[in-house]
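I opened this model to look up its charged pairs, its helices and its core. My entries follow in the order I made them.

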Amino acid sequence: MDAKHIRSSIAGVVDYLRKNPSAALSKDSTAVAVLEDGLRCRVTGPGGAFITTDMPPTIGGNGEAPGPGWLLRAALATCDATMIAMRAAVEDVPLTKLEVSVDSDSDDRGLVGADDSVPAGPLRVRVHVRVVSPAPAERVKEIVEWAAKHSPVADAIHRAIPLSLEIEAG
């Protein structure tokens with residue numbers, strides 16, 4: 001899709017949601033993970049979407065698929081890239097190249113329970129955005145900063161959100 005189509009689509013959604021704010025609230029699609037073998041899981045979602053995860057051999061997996069932590073980083077990278085592209089289209093700023101890299105630092109003691117004082121998740125996350133555009137660098141920077149602020153995945157990582165756990169054992 002070209003920038004004009006993206007811009008028009010977003011304008012339509014913004015107009016609709018401003019007129020119908022109650023329509024903005026929805027339940028997001030469910031991801032269902034099923035343990036297949038060892039530590040490999042198959043995750044299914046809407047429309048037949050699926051991914052497979054596994055853990056590296058050092059922790060007992062077969063290393064046949066990316067781990068959940070990498071998928072978190074991939075989700076952040078793609079969400080930020082998408083938001084940058086959307087905002088650039090809305091602002092009519094052409095992008096020649098866009099690349100978003102995400103890495104993180106973790107302490108595996110938290111993951112395996114070797115030290116309960118260590119968090120199981122990443123200790124810090126870094127996002128690196130590389131953009132090539134004929135637009136002024138300051139304008140591109142404004143777009144990237146706006147997009148990062150409105151990225152749903154980045155927001156979920158930044159902000160503590162309620163998480164509930166329901167257990168059905170039998």
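**Salt bridges around Arg40.** I started with Glu36 and Arg40, whose side chains meet in a salt bridge at 2.9 Å, N to O. I count a salt bridge when a side-chain nitrogen of Lys or Arg lies within 4 Å of a carboxyl oxygen of Asp or Glu. Glu36 is partly exposed, at 40% relative accessibility. My cut-offs are under 20% relative accessible area for buried, over 50% for exposed, and partly exposed in between, with a 1.4 Å probe and protein chains only.

Arg40 also forms a salt bridge with Glu64, with the closest N and O atoms 3.3 Å apart. This pair links distant parts of the chain, 24 residues apart. Arg40 sits in strand β2 (residues 40-44), and Glu64 in the loop between β3 (50-53) and α2 (68-90). Glu64 is exposed, with a relative accessible area of 56%. I take helices and strands as DSSP runs, numbered from the N terminus: H or I of at least four residues for helices, E of at least two for strands.

**Ground rules.** The model is predicted, so I noted its limits: local features need pLDDT of at least 70, side-chain atom pairs count only at pLDDT 80 or more, and totals for chains, interfaces and linings use all residues. Residues are numbered from 1 along each chain as its sequence is written, and side-chain values use heavy atoms, with hydrogens and water left out.

**Other charged pairs.** How many salt bridges does the whole structure hold? My search found 14. One of them joins Lys19 to Asp15, with the closest N and O atoms 3.1 Å apart. Both residues lie in helix α1 (residues 3-19), four residues apart, so about one helical turn separates them. Lys19 is exposed at 60% relative accessible area. Asp15 is partly exposed at 38%. I also found a network of salt bridges that links Arg87, Glu91, Arg139 and Glu142.

**Overall layout.** I counted five helices and five strands in the protein chain. Along the sequence the pattern reads α-β-β-β-α-β-α-β-α-α. The C-alpha trace spans about 50 × 35 × 30 Å along its principal axes. Buried residues make up 19% of the 170 residues.

**Helix α2.** I checked the span of α2 next. Its 23 residues should span 33 Å at 1.5 Å a residue, and the end C-alpha atoms are 32 Å apart, which agrees. The expected span is 1.5 Å times one less than the number of residues. Which residues of α2 are buried? I listed Leu76, Ala77, Cys79, Asp80, Met83, Ile84, Ala88 and Ala89. They pack against α1, β4, β5, α4 and α5 (152-158). Contact here means heavy atoms within 4.5 Å.

Asp92 follows α2, and its phi is positive, near 60 degrees. Asp92 lies in the loop between α2 and β4. Asp92 is exposed, with a relative accessible area of 57%. Its C-alpha atom is 18 Å from that of Asp80, 12 residues away along the chain.

**Helix α4.** Helix α4 (residues 137-150) has 14 residues and reaches 20 Å from first C-alpha to last, close to the 20 Å expected. Val140, Ile143, Val144 and Ala147 are buried in α4. They cover an arc of only 95 degrees around the axis, which puts them on the same side of the helix. I took the arc from the directions between the helix axis and the C-beta atoms. The face turned away carries the exposed residues Glu138 and Lys149. The buried residues of α4 pack against α2 and β5 (124-132).

**Core.** The largest nonpolar core has 15 residues; Ile84, Val93, Val100, Val102, Val140 and Ile143 touch the most other members. α2, β4 (97-105) and α4 each give two or more residues to this core. α2 gives the most, with six residues. A nonpolar core is a set of buried Ala, Val, Leu, Ile, Met, Phe, Trp, Tyr and Cys residues joined through side-chain atoms within 4.5 Å. I then looked up Ile143. Leaving aside neighbours within four places in sequence, Ile143 contacts Ile84, Arg87, Ala88, Glu91 and Val93.

**Cysteines.** I found zero disulfides, a disulfide being a pair of cysteine sulfur atoms within 2.5 Å. Cys41 is buried at 19% relative accessibility. Cys79 is buried at 13%.
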